[in-house]
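Have a look at the structure with me, and then I will go through my entries.

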Amino acid sequence: MPLLYHQCMSDARLEQFQQMVAEFPDSPMGHFSLGKLYLERRQYAEAAKCLEVATRLDPTYAAALVSLGDAHAGAGQVAPAREALLRARQVALDQKHPSLAEEIDERLSELA
């Protein structure tokens, strides 16, 4: 029963985030939220598409860049994952978030 409950909740969130993207297509938050959900569901290609849009709308969205790297890594796409994570690292440093940059360094080392 719990598995079915989680699937229903996931489906409801999917619909909610899809609606958010439809209503606010120029807002990176909706695309990020939808991409994160696809990432949780291990739907890496769909996650990457959504997160690419989020980072195109806001190139300084560090969380979206990190998630984009995770989506590419999950899909086995090392080069695009590294590129997204390096962009995320630079944004983190530019925004004076050294702990996030360190977290990104860990992800980068796992790609090697």
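Predicted model: local features only at pLDDT ≥ 70, side-chain atom pairs only at ≥ 80, totals over all residues.

**Entry 1: the annotated span**

I looked up residues 28-61 to begin with: their end C-alpha atoms lie 8 Å apart, and the span is 79% helix and 0% strand. Helices here are DSSP runs of H or I with at least four residues, strands are E runs of at least two, and both are numbered from the N terminus.

Residues are numbered from 1 along each chain as its sequence is written, and side-chain values use heavy atoms, with hydrogens and water left out.

**Entry 2: H2 and the cores**

I checked how covered H2 is: 10 of its 13 residues are buried, meaning under 20% relative accessible area with a 1.4 Å probe and protein chains only (exposed is over 50%, partly exposed in between). Among them are His 31, Phe 32 and Tyr 38. Just after H2, I noted Arg 42 with a positive phi of about 60°.

Which residues touch the most other members of the largest nonpolar core? I found Phe 32, Leu 34, Tyr 38, Ala 47, Leu 51 and Ala 71, out of 18 residues. H1 (2-23), H2 (28-40), H3 (44-57) and H4 each supply at least two residues of this core. A core here is a set of buried Ala, Val, Leu, Ile, Met, Phe, Trp, Tyr and Cys residues joined through side-chain atoms within 4.5 Å. A second, separate core has 12 residues, including Leu 65, Ala 88, Val 91 and Ala 101.

I then followed Phe 32 beyond its neighbours within four places in sequence: its contacts (heavy atoms within 4.5 Å) are Leu 51, Ala 54, Tyr 61, Ala 63, Ala 64 and Ser 67.

**Entry 3: H5**

I listed the buried residues of H5 as Ala 81, Ala 84, Leu 85, Ala 88, Val 91 and Ala 92. They fall within an arc of 120° seen down the axis, so they line one face of the helix; the arc is taken from the directions from the helix axis to the C-beta atoms. That buried set packs against H4 (62-74) and H6 (98-111). On the other side of H5, Ala 79 and Asp 94 are exposed. Just after H5, Lys 96 also goes into my notes, with a positive phi of about 60°.
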